[in-house]
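The following exercises concern a two-chain model and are to be worked with the sequence and coordinates at hand. Each task is followed by a solution in steps.

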Amino acid sequence: MTEGMEQRRKERVDRGIKVRTDSLYALLSAGEIAYLALPRLVLILGLLLLPLVVPGMYWQRVITITCIYGLLAVSFDFLAHYVGLVSLGGAFFVGTGGYLAAIANTQMGLSPWLTVPSAALAGGVLCTLLLLPCLPLRGVYFAIISLMYPLFSARVIEALDILGGTDGIMGIDGFPNRIVEQYAPVVLLLLILFGLRRLVTTDFGLVVRGVKDNDQAIRASGINVTYFKAVAVFVSASMGCLGGACLVHIYMWSGISQFALDFSILPIAATVIGGSGTLVGPVLGCLILVPISEMLREFGTLRIVFYALILVAFIIFKSEGLMVWGRRKYHQFERWTRI
Amino acid sequence: MDILIYGTINSVALALYALGFAMVYGVSRLPNFAHGALYVLSGFITWSLLNSLGLPYAVAIVLTLLLTGIIGALIYQLILIRIRGMEISEIMASYAIGLAILEGLRWGGFKGMTYTLPSFIEGSTTIAGIVVDYQRLLVVVIGAAVVGLLWLFTHYTRTGLALRGMAQDERAALMLGIDSDLMAVVAMGFGSMLAALAAVVLLPLGNIVVEAGYNVLILAIAVCIIGGLGSWMGSVIAAFLIGFAQILTVVYLGAHYQMVVALLAIIMTLILKPSGLFGRQKELEERV
């Protein structure tokens, strides 16, 4: 650097309104309440109004599917970035939930009102029990083994020719009417999203995040790490199963394709694009990726190539994700300062 | 007797699948989830060189090995090196690259039963009353040769010793002037070449299908985990364990269960002894 040349750097400063809204006094001013409520309202109203705005049944169906993928993506994000278990096999949860709902509906004759919640709960328990032996693993080891589960399930169903074999289970009831079909996934997604945001700030959330950062320390504090991991896996698996159950009732069919890669890779790509560890980011990622993938439907498997490349590009060039970037722009401003 | 012969052939095939994966993981701690994709890709490269360009088979094979090695090295140099050491990102990125290659090939029209490679030598022979074709015998010969050459390479050449140094202790290797990034690229190149070698040797036994990519990846991972990630000789021994277990299930239970055996073996190993039978990693690193 030559003498006398001015050196500058960019600094980020919190906006005044961000600082004022940090405490309870935010309630004293309408402007500050609006500042706090705006992002949340945009999300809630946006998701609720979107089906009314888009043209035609086809795109309304796309919104429904987007919300189901949103559930899967939030479930991945929670498990990967709050508990530290990277699950490459989200399809396992979808398939389990889907098949359970299908069985409850066709064999026991339960209505979708009962099958969806019961498939979510029973599926959560079942997946947790099946994953229980692998919970002490972490890092690469858990990722590899979770990748095996959906492949394994599909192979077992094929080999034993159970649950309808390669044909799948047909003749499942749809949702009672279009409004329920349209709004059930949207409302469930919103409830779960805000519920999870609460959950991760409770004591339970504190412990699981501790497990992620340093499980030895948690163990040394006399806390049963495996128990907390199991509960977290239950939460995440239930969400996946819920998505699977809704999907089965929408398509009125359940088959091996529910263990397909799409359900594992798209939520991961959405999470990376939206912003890892933000919970709402993955939903944003799904809102971008799923419609694009619908538009590319005629290109067949090229869609998967497309997500995979987007995923790689975001991991390398923008690993923070859109949501973290957006949040920074909303709360802070940047300016040049002299050194 | 046929169990012994086909078990050996199957085991050598598994070892060929796994060596490339084991090499990359051993040297640069990168779980290369694109391994299966590189295997299938090199099959299609050979097919294209043979049928579209009309090259002689031997030339096509050598070119394929080189090309796949270069592709692997480029994938590492251009993409994976930037996220080195970030485990989750490495898994996701390499998995995504593998998916992109495989599904791209599927989209490009490489599907169905029409893609086959010719055998090196036609015909068959009888060993102890069992008919074995020459290609399968060749698999065993080449497999043994690869393991032998790899041993010589890692014990008697400078590059091989550098790779082994990296695998044992990266910091110490850096202090001795070994370029760790370069060696990681070299390892990825060699790993991809091993995948390509497995492909050209094994694919003449069947069709080239995209689905094979996923199976090869799972089998390679199974072998490496059971042998202990990062242990090369462990992988070879594990290949024999799984290979014979698979043939035994095919004989006594049915072909459907072949893949189930591999998956069950991984699950059992990970639960009972996650560092594998011969892994040298500390228990604490991989489980609580």
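Of the 288 residues of chain B, 49% count as buried. The model is a predicted one, and every value below is computed from it.

**Exercise 1. Determine the secondary structure content of chain B, the order of its elements and the share of its contacts that join residues at least 24 apart.**

Step 1. Counting the elements of chain B gives 12 helices and two strands.

Step 2. Reading from the N terminus, the order is α-α-α-α-β-β-α-α-α-α-α-α-α-α.

Step 3. Take the contacts in chain B between residues at least 6 apart in sequence; 73% of these join residues at least 24 apart.

**Exercise 2. Describe how helix H1 (residues 2-28) and helix H8 (residues 180-202) of chain B are arranged relative to each other.**

Step 1. Two packed helices are described by the angle between their axes and the distance between the axes.

Step 2. For H1(B) and H8(B), the axes come within 8 Å and cross at roughly 175 degrees.

Step 3. An angle over 145 degrees counts as roughly antiparallel; H1(B) and H8(B) are therefore roughly antiparallel to each other.

Step 4. Sorted by class, the contact of H1(B) with H8(B) has 19 nonpolar residues, four polar residues and no charged residues.

**Exercise 3. Characterise the contact between the two chains from the side of chain B.**

Step 1. Chain B contributes 35 residues to the contact and chain A contributes 38 residues.

Step 2. On the side of chain B that touches chain A, the elements giving two or more residues are helix H4 (87-107), helix H9 (212-227) and helix H11 (258-272) of chain B.

Step 3. H4(B) gives the most to this side, with 15 residues.

Step 4. The residues on this side of chain B divide into 26 nonpolar, three polar and six charged.

**Exercise 4. Is Gly213(B) buried or exposed, and which residues is Gly213(B) in contact with beyond its neighbours within four places in sequence?**

Step 1. Gly213(B) is found in helix H9 of chain B.

Step 2. The cut-off for a buried residue is 20 or more other C-beta atoms within 10 Å. Gly213(B) has 25 such atoms and is therefore buried.

Step 3. With neighbours within four places in sequence left aside, Gly213(B) is in contact with Gly36(B), Ala37(B), Tyr39(B), Val40(B) and Leu102(B).

Step 4. Val40(B) is 173 residues from Gly213(B) in sequence, yet their C-alpha atoms are 5.6 Å apart in space.

**Exercise 5. Examine the geometry and burial of helix H2 (residues 30-53) of chain A.**

Step 1. A straight helix of 24 residues would span 34 Å at 1.5 Å a residue, whereas H2(A) spans only 29 Å between its end C-alpha atoms.

Step 2. H2(A) bends by about 45 degrees at Ala37(A), and the proline Pro39(A) follows within four residues.

Step 3. As to burial, H2(A) is hardly covered: one of its 24 residues is buried.

**Exercise 6. Carry out the corresponding analysis for helix H11 (residues 262-274) of chain A.**

Step 1. H11(A) has 13 residues and reaches 18 Å from its first C-alpha to its last, close to the 18 Å expected at 1.5 Å a residue.

Step 2. Of the 13 residues of H11(A), 12 are buried, so this helix is largely enclosed by the rest of the structure. Among them are Phe263(A), Ile265(A), Pro267(A) and Gly274(A).

Step 3. Just after H11(A), Gly275(A) takes a positive phi of about 125 degrees.

Notes
Residues numbered from 1 in each chain as written. Chains lettered and ligands numbered in written order. Predicted model: local features only at pLDDT ≥ 70, side-chain atom pairs only at ≥ 80, totals over all residues. Contact = placed C-beta atoms within 7 Å. Nonpolar A, V, L, I, M, F, W, Y, C, P; charged D, E, K, R; others polar. Expected span 1.5 Å × (residues − 1). Bend = angle between axes of the 7 residues up to and from the residue. Axes fitted to C-alpha atoms, helices over the stretch in contact; angles between N-to-C directions. Parallel < 35°, antiparallel > 145°, perpendicular 65-115°, else oblique.
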